[in-house]
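Hello,

Here is the structure I promised to pass on. Please open it alongside the sequence, then read the notes below.

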Amino acid sequence: MSGRASTERLSRLLAMVPYLLRHPGLPLAEAAAHFEIGEDELVRDLELLFVCGTPGHLPDDLIEAEWESGKVYIGNAEAIDRPLRLAVDEAVALLVGLRTLAEVPGLHDRDALDGALAKLSAAAGDAARAAQSLAVDVRVDDTDPGAAEQILATCRAALREHRRLRLRYLVPSRDESTEREVDPMRLLTVSGRWYLEGWCHRSEGVRLFRLDRIEAAEVLDADGTPPAQAVSRDLAEDLFRPSPDDVVVTLDLARQARWVVEYYPTESVEPAPPGEWAPAELRVRLRAADTRWVRRLLLRLGDGARVVDPPGLAESVKDAAHAALVAYGG
Amino acid sequence: MVNPNASRRTERLLNLVIALSATRRWLTKEQIRRAVPQYDDCATTVAFERMFERDKEDLRELGIPLSTGGEDVLFGDEQGYRIDRDAYALPDIAFTPGELAVLSLASRVWQQASLAGPATRALVKLRSLGVEADESSLVGLEPRVRTSEPAFEPLYAAARDRAPVTFEYRRADGEPAQRAVEPWAIVSWHGRWYLVGHDRDRGASRVFRLSRIQGAVRRIGKPGSYEVPADLDPRSVVGATVRERAPQAAVLRVRSGAGLALRRRARSVEAADLGGFDEVVLDVSDVEAAADEIAGFGADVVVLEPEDLRAAVLRRLRGALAANGGGSGVPGAGAAAVQGGAA
């Protein structure tokens with residue numbers, strides 16, 4: 001879509017002119033870095049400015065741009081010499097972003113946050129009202145928010161100081177608590193949950209740890225710089241990479257269990273074949289790292305789902321349900 | 001890399017901005033057509049007018065205020081255009097390096113979401129004020145939201161513009177129905193997006209989950225058609241709807257070394273007389289959600305009380321047994337005793 005690209009670029013040009021007017025003689029490399037573009041892209045922008053100007057478009061009407069010496073000079077651009085105000089969506093994006101950050105526990109610079117929010121609200125004018133139409137809740141959800149904030153603060157300290165962490169981490173799918181040492185890489189929220197991404201020395205790989213499952217965290221003296229092969233996951237992709245060790249299971253879902261396909265990544269979803277199991281509406285294939293997790297899921301789904309494949313898993317769900325019912329009876 | 005058409009379009013828009021903000025008088029469309037060389041590309045007046053309409057829309061999206069008006073004597077019925085330079089400019093704000101760093105982080109909240117473009121543009125504008133951000137205290141912190149639901153963009157825009165909409169909504173029980181709503185706010189709550197608004201057919205406020213909206217969201221009224229209640233706190237509304245009743249204490253028998261997630265949240269854990277089990281007391285506010293979790297532990301966790309939670313777990317276990325080839329035979333006398341209590 002060339003439309004989107006050209007408005008993005010126009011927005012940059014309108015920001016670039018006032019900035020360069022205030023910084024005459026700025027080295028090309030610094031100017032490019034400021035706008036987070038390459039030097040060749042900056043030169044193309046300057047070339048474009050150079051042929052634009054006030055009506056008439058005679059040499060005296062055009063914007064002056066000079067960069068041959070490696071330093072950038074701009075002139076004759078009075079019509080656009082002030083930074084453009086924020087559009088409504090732009091103000092909303094930043095205001096809602098700031099309010100989201102305000103809920104991050106242990107964010108150091110409270111003053112900076114409050115200051116930015118106050119100044120931006122004043123500058124945004126009417127757009128501040130539109131920002132009320134959007135809200136994001138990232139509050140740590142835990143029965144013990146104090147402990148959760150403590151864990152987040154500990155992880156942040158380790159990140160800042162590049163130190164290794166020792167974690168006690170709960171793995172609910174196995175109902176197990178594990179000890180591991182982790183070189184922290186970043187803290188992120190995805191779908192309302194906080195995660196620590198780090199190099200796990202126990203599994204020798206990059207792992208995501210859900211913060212509400214970290215039972216204890218301690219900053220160690222050891223250096224926590226992750227090894228060179230530790231590469232952050234691309235959040236645009238799915239966070240939960242399939243592994244070759246995964247098991248693919250096939251389930252039939254009744255209407256009350258349809259939500260499963262919204263919650264978990266599926267390999268395939270299709271209408272259930274008629275006549276096999278009366279309540280079935282969907283037949284789905286799910287990828288699971290651990291069949292114990294699937295067994296738990298099936299127990300909670302009750303009469304809303306059944307295992308089609310592998311048959312051994314259906315057997316194990318049946319046995320687990322039977323054993324539990326015996327426990328209730330005895 | 002460089003698309004010549006896109007470049008030409010950028011040149012045209014830039015010349016248009018300069019022409020409209022350099023002028024002290026209103027410019028008619030014809031004057032604008034002559035003032036911006038790239039409009040020569042338009043062979044006909046119709047083609048020019050179409051292009052000019054699109055360009056005006058682009059400028060509005062970027063926040064460039066286009067004023068319309070004119071002196072009657074000169075223009076007759078025709079409208080004139082110009083850019084008011086004071087309305088154009090960002091008010092003088094001086095951000096500190098720390099504030100700019102926080103703003104930069106705030107813009108990255110949208111990196112994977114539908115406001116990514118506006119967020120980036122906003123930051124570029126603020127950075128043109130000339131302050132360099134000091135991001136040292138924010139290393140490694142990446143709060144993000146995602147907006148994968150197709151309904152997000154039209155609903156956000158409708159709430160922003162206060163324009164009523166209609167859409168097909170699938171209820172929790174799977175039945176779809178057409179709804180007509182005045183959107184008040186869009187809220188991300190525990191990672192899911194919700195719409196809070198006034199449901200016209202029901203004459204009351206309602207909360208909708210965006211992932212349950214099917215197909216297109218259509219506007220059924222003009223922007224500014226209604227008012228949003230001044231005291232609206234959309235997050236509390238969603239919280240109160242989505243969340244549960246006041247918690248009650250549940251008493252569980254949990255096998256030693258198992259049920260770790262439950263133990264973590266427990267009010268108390270005591271070693272019971274029963275060999276190899278502990279008695280765990282837990283606050284439960286949503287019986288069905290708690291039953292989901294507890295049923296997953298199978299024989300490792302048994303609910304002693306309250307009765308409705310016990311019945312909800314038993315219903316799941318019996319269902320799982322029957323659905324996975326166990327027939328409907330129910331072992332155990334205790335199970336039979338609570339059958340009457342199950343919904």
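**Strand pairing in chain A**

S10(A) pairs with strand S13 (residues 305-309) of chain A in the antiparallel sense, over four bridges. Within that pairing, Asp252(A) stands opposite Arg306(A). Please keep in mind that this is a predicted model.

S10(A) covers residues 247-254. This strand also pairs with strand S12 (residues 280-288) of chain A. Eight bridges join S10(A) and S12(A), and the two run antiparallel. Leu253(A) has Leu282(A) in S12(A) as its bridge partner.

**The annotated stretch**

Which feature does UniProt place at residues 247-325 of chain A? The record gives "domain: WCX", and the entry is unreviewed. In the model, residues 247-325 of chain A are 38% helix and 35% strand. The end C-alpha atoms of this stretch lie 27 Å apart.

**Where the chains meet**

Strand S4 (residues 134-137) of chain A is joined to strand S5 (residues 176-189) of chain B by four bridges. Do these two strands run parallel or antiparallel? S4 of chain A and S5 of chain B run parallel. Asp137(A) is the residue opposite Trp189(B) in S5(B).

**Chain B as a whole**

Chain B holds 13 helices and 12 strands. Its radius of gyration is 30 Å. A compact globule of 343 residues would come out near 20 Å. Along its principal axes, the C-alpha trace of chain B spans about 95 × 50 × 45 Å.

How much of chain B counts as buried? The figure is 38% of its 343 residues. I also looked at contacts in chain B between residues at least 6 apart in sequence. Of these, 56% join residues at least 24 apart.

**Where to look**

Then go to Leu253(A) and its partner Leu282(A). Finish at Asp137(A) and Trp189(B), where strands of the two chains pair.

Best wishes

Conventions
Residues numbered from 1 in each chain as written. Chains lettered and ligands numbered in written order. Predicted model: local features only at pLDDT ≥ 70, side-chain atom pairs only at ≥ 80, totals over all residues. Rg over C-alpha atoms; globule rule 2.2 N^0.38 Å. Buried ≥ 20, exposed ≤ 12 C-beta atoms within 10 Å, placed from the backbone. Contact = placed C-beta atoms within 7 Å. Pairing = 2+ DSSP bridges. UniProt positions renumbered as here; feature names shortened; annotations may be inferred.
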